[in-house]
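The chain is shown before the discussion begins.

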Amino acid sequence: MPVLEAKGLHKVYSTGEGNEQAVLLDIDLQMRQGEFVAVMGPSGSGKSTLLYAVSGMDKLTAGSVIFNGLDITGLSEDELAGLRLREMGFIFQQMHLLKNLNIIDNIILSAYRAKISNRRTINKRAAELMERTGITALADRDITQVSGGQLQRAAICRALINEPAILLGDEPTGALNSKAAGEIMDILEDIHHTGTTILLATHDAKVAARAERVLYMRDGQIAAEQHLGPYRSGTSDLKKREEMLSSWLSGMGF
Ligand SMILES: Nc1ncnc2c1ncn2[C@@H]1O[C@H](COP(=O)(O)OP(=O)(O)OP(=O)(O)O)[C@@H](O)[C@H]1O
């Protein structure tokens, strides 16, 4: 059973004075458990909208999303919020960490909200995640006292605290320099290898080269896709994958 199955996703925005803009056009997408998929495409092609649509954050004009066998299209806002909290992890620029909480409290907050574990288990998992992402020493820091890369590591810990079935990322390395971006991708790669399904939107071929499959969106449609196959971390293979992907993308005018 696919972890995520989107059928005929169609999204139309009203742009005022009776004008409408179709942003997603009959998109079909299936992701298997543990798969790592990257979505690329020009600015405005619909990548973020696709992520919002599959997570139920945006209402569809038509189509359905089946998540772990459950059709989520007809769920209420509360049911969707609960599902996202427990089963989906988000690394979106718009979902900032909370300013009045330190790093550790930002990470554990959604675990307390989800009420699926006790305090001891939550704290243990947070400690493991911080260790894995190299931010243990920053647990008590205010979020204004850490770097952009460290904040992004904390956002990854927050996204994973409830052990989601899928991790969704919108430009997870967008605000980072290339060294910090590479480190974040190493972490996501490691998370993928432990079995987490990942769907990322990115402009960066270096980021997408880690994925097993890359979708290319144009004008609200998946215009093409490239199967790169599994990537073995730390191998020189990454450069080759990136070159192959870049030439595929330039063939499509990206
Ligand atoms: N709330 C909205 N109302 C109207 N149009 C919108 C809204 N949100 C997005 N759009 C439009 O939908 C289209 C797709 O936007 P989306 O953010 O999904 O693109 P994207 O591929 O993620 O772009 P980028 O790479 O720049 O982030 C754009 O033309 C955008 O202007």
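## The ligand shell and selected residues

Of the residues that form the shell around the ligand, nine are polar, three are nonpolar and one is charged. This description rests on a predicted model, in which 13 residues surround the ligand, the closest being Tyr-13, Ser-43, Lys-47, Ser-48 and Thr-49. Helix H1 (47–54) and strand S2 each supply at least two residues of this shell, and the largest share, three residues, comes from H1.

As for the confidence of the prediction, the chain has a mean pLDDT of 93, with 99% of its residues reaching 70 or more, while the complex receives from the predictor an ipTM of 0.97 and a pTM of 0.94.

Turning to the backbone, Glu-17 has a positive phi of about 45° although it is not a glycine, and Glu-163, likewise not a glycine, has a positive phi of about 50°. Glu-17 is placed in the loop that runs between strand S1 (4–14) and strand S2 (20–31), whereas Glu-163 belongs to the loop between helix H5 (148–160) and strand S7 (166–170).

| Residue | Phi | Loop between |
|---|---|---|
| Glu-17 | positive, about 45° | S1 (4–14) and S2 (20–31) |
| Glu-163 | positive, about 50° | H5 (148–160) and S7 (166–170) |

How exposed is Glu-17, judged by its C-beta neighbours? Glu-17 counts as exposed because it has 5 C-beta neighbours inside 10 Å, and the cut-off for that class is 12 or fewer. Glu-163, by contrast, has 14 other C-beta atoms within 10 Å and is therefore partly exposed, a class that lies between the limit of 12 or fewer for exposed residues and that of 20 or more for buried ones.

The remaining residue considered here is Ala-159, whose place is in helix H5. Is Ala-159 buried or exposed? Ala-159 is buried, because 24 other C-beta atoms lie within 10 Å, and the threshold for burial is 20 or more. When its neighbours within four places in sequence are left aside, Ala-159 is in contact with Gly-89, Phe-90, Ile-91 and Leu-167. A further pairing is that of Ala-159 with Ser-110, for the two are 49 residues apart in sequence and 8.7 Å apart in space, taken from C-alpha to C-alpha.

How values were computed. Residues numbered from 1 in each chain as written. Predicted model: local features only at pLDDT ≥ 70, side-chain atom pairs only at ≥ 80, totals over all residues. Helix = DSSP H or I, 4+ residues; strand = E, 2+ residues; numbered from the N terminus. pLDDT = per-residue confidence, 0-100. Near = placed C-beta within 6 Å. Nonpolar A, V, L, I, M, F, W, Y, C, P; charged D, E, K, R; others polar. Contact = placed C-beta atoms within 7 Å.
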